[in-house]
Amino acid sequence: MKSYSTVANELSMRRDTRLGTLPIVATPGFLNLVTPQELAELRDALMDGRAPRDLQLKLTQLAGGSLLHRFVEQHSRLIIALLVAAYGGSFREASRANLERLLRVLAYIRKENDANPDCHPDGFVDDQQEIRAMLVEMGEVLQSFKMWRLRHQVPELWRG
């Protein structure tokens with residue numbers, strides 16, 4: 001009998017015969033495509049309190065797309081807000097490892113030519129897969145950030 005991890009590994013290595021389809025796996029598999037330079041450039045921009053212009057444009061385009069596109073866009077904006085707050089020193093509940101994981105996911109989403117290039121009709125399936133894996137792994141940190149943001153960045157909502 002095969003273990004769950006053995007089956008997951010087999011699925012991650014198998015490609016469907018249809019052009020452009022990706023295997024469905026329970027764990028992320030494409031973040032290794034992000035280079036150290038891409039991470040550094042993205043980190044520098046976010047430390048200055050802004051997402052890079054190309055990423056902003058990409059997210060604006062995704063906002064008008066399908067449900068999958070909006071999923072990627074909305075979660076990317078949440079990651080950006082968390083990283084900007086953390087790098088600015090105001091949100092302190094995420095560990096360094098959490099911040100690096102979020103940065104790597106965001107850098108992957110920023111890439112046009114990733115495991116499944118974004119110009120393909122199903123080009124954001126891999127991006128969605130990485131976000132979903134991150135949500136499973138880091139749900140508590142993201143929920144904590146959402147609560148923190150409501151208390152600190154939207155104080156008028158908490159005034160009676």
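**Notes on aromatic pairs and a helix crossing**

1. Phe145 has a relative accessibility of 0% and so counts as buried, the cut-off being under 20%. Please keep in mind that this is a predicted model.

2. Phe91 is likewise classed as buried, at 2% relative accessible area. The rings of Phe91 and Phe145 form an edge-to-face aromatic pair, with 5.1 Å from centre to centre and 80° between the planes. This pair links distant parts of the chain, 54 residues apart: Phe91 lies in the loop between H4 and H5, and Phe145 in helix H6 (residues 125–152). Together with Trp148, Phe91 and Phe145 make up one aromatic cluster.

3. Over the whole structure, the search returns four aromatic pairs. One of them is formed by Phe30 and Tyr108: the ring centres are 6.3 Å apart and the planes meet at 15°, so the pair is stacked.

4. Helix H2 (residues 36–47) and helix H4 (residues 67–87) have axes that come within 8 Å and cross at roughly 70°. The two helices, H2 and H4, are therefore roughly perpendicular to each other. On the H2 side, the contact is made by Arg43, Leu46 and Met47; on the H4 side, by Ile80, Leu83, Val84 and Tyr87. By type, the residues of this contact of H2 with H4 comprise six nonpolar, no polar and one charged.

Conventions: Residues numbered from 1 in each chain as written. Predicted model: local features only at pLDDT ≥ 70, side-chain atom pairs only at ≥ 80, totals over all residues. Heavy atoms only, no water. Axes fitted to C-alpha atoms, helices over the stretch in contact; angles between N-to-C directions. Helix = DSSP H or I, 4+ residues; strand = E, 2+ residues; numbered from the N terminus. Parallel < 35°, antiparallel > 145°, perpendicular 65-115°, else oblique. Contact = heavy atoms within 4.5 Å. Nonpolar A, V, L, I, M, F, W, Y, C, P; charged D, E, K, R; others polar. Phe/Tyr/Trp six-rings, centres within 6.5 Å; stacked < 30°, edge-to-face > 60°. Buried < 20%, exposed > 50% of the residue type's maximum accessible area, 1.4 Å probe, protein only.
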